[in-house]
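Me: Please show me the sequence and the structure. Then I will ask what stands behind each label that is used.

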Amino acid sequence: MFRIYGAKTLTMDDIAKEFSISKKTLYQKYKNKEDLIHEVLEFISNEAIDAVKEVQKKYDCPLEVLFVSGSRIDEITCQEKNAFVFQLIKYYPDIFHAHQKSISGKVSVTVKNNYEKGVELGYFRTDVPINLYIKFLISLLFAVDASPIFEDEKDKFSVSIAMKIFYLEAIVTDKGKKRLNELREKFQKTEFLKTI
């Protein structure tokens, strides 16, 4: 409902009516709409992180994990901006920024674990300021949705793939570069990397 109608437009009355509960019952659970928005955003981010963790269980190669789990990122970054995002930025900037910090922390832990596994396997360099590089990657992910710089990019899928390649190219060893090229070839046969 938030995605369809937007954070500002959707009212607590609308939500109560949709779920066939009284507004009083809704306010017993959520002090205000801001609390509800915060919980919805947390749910969305936790769902995405859980999906990434499932991918990590299935794949041994940390480069492949980034491509496969990145499909969840693609789903988010390839969507056109919707009313929810626009209205969050405009009317609830504090909630939007708090959400960005929250998801950034979760993504950072996941990407850092992936990096450490890649170092152990000899795919990733050890001489990079990885915490800073992870912040660069996350900033790029957010920029696609919030920055006017990317508004003219029609193929959001290509942008999302390019971000992952950009990040990986910065941290791979020669062994990692070879594996990255193999994965490019593998995923080119799917829809993942058709534009790279």
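**Labels and their grounds**

Me: Why is Lys23 called partly exposed?
Reply: Its relative accessible area is 35%. Buried means under 20%, exposed means over 50%, and partly exposed is in between (1.4 Å probe, protein chains only). Lys23 is therefore partly exposed, because 35% falls in the middle range.

Me: What kind of model do these values come from?
Reply: The model is predicted, so local features need pLDDT of at least 70 and side-chain atom pairs count only at pLDDT 80 or more, while totals for chains, interfaces and linings use all residues. Residues are numbered from 1 along each chain as its sequence is written, and side-chain values use heavy atoms, with hydrogens and water left out.

Me: What is the chain built from?
Reply: The chain has 10 helices and zero strands. Its pattern along the sequence is α-α-α-α-α-α-α-α-α-α. Both kinds of element are DSSP runs numbered from the N terminus: a helix is H or I with at least four residues, a strand is E with at least two.

Me: What makes Lys23 and Asp13 a salt bridge?
Reply: The closest N and O atoms of Lys23 and Asp13 are 3.2 Å apart. A salt bridge needs a side-chain nitrogen of Lys or Arg within 4 Å of a carboxyl oxygen of Asp or Glu, so this pair qualifies. Lys23 is in helix H3 and Asp13 in helix H2, 10 residues apart, and the pair links distant parts of the chain. Asp13 is partly exposed, at 44% relative accessibility.

Me: How many salt bridges does the rule give?
Reply: The count is eight. One of them joins Arg179 to Glu64, with closest N and O atoms 3.3 Å apart. That pair links helix H10, where Arg179 lies, to helix H5, where Glu64 lies, and the two residues are 115 apart. Glu64, Arg179 and Glu182 are linked in a network of salt bridges.

Me: What is the largest nonpolar core made of?
Reply: It holds 29 residues, and Leu63, Phe124, Tyr167, Leu168 and Ile171 touch the most other members. Helix H4 (33-58), helix H5 (62-77), helix H7 (93-120), H8, H9 and helix H10 (174-188) give two or more residues each. H9 gives the most, with six residues. Such a core is a set of buried Ala, Val, Leu, Ile, Met, Phe, Trp, Tyr and Cys residues joined through side-chain atoms within 4.5 Å.

Me: Which residues form the nonpolar patch on the surface?
Reply: Met1, Ile4, Tyr5, Phe19 and Ile21 form it, with about 510 Å² of accessible area together. Patch residues have over 30% relative accessible area and no salt bridge; nonpolar side chains (Val, Leu, Ile, Met, Phe, Trp, Tyr) are joined within 5 Å, like charges within 9 Å. Phe19 has a relative accessible area of 55%, so it passes that cut-off and is also exposed. Phe19 lies in the loop between H2 and H3.

Me: What makes the patch with Glu153 negative?
Reply: Its members are Glu151, Asp152, Glu153 and Asp155, and Asp and Glu count as negative. Glu153 is partly exposed, because its relative accessible area is 36%. Glu153 lies in the loop between helix H8 (130-146) and helix H9 (156-171).

Definitions and conventions
Accessible areas come from the Shrake-Rupley method with a 1.4 Å probe; for residues, only the protein chains shown count as cover. The place of a charge is taken as NZ of Lys, CZ of Arg, CG of Asp or CD of Glu.
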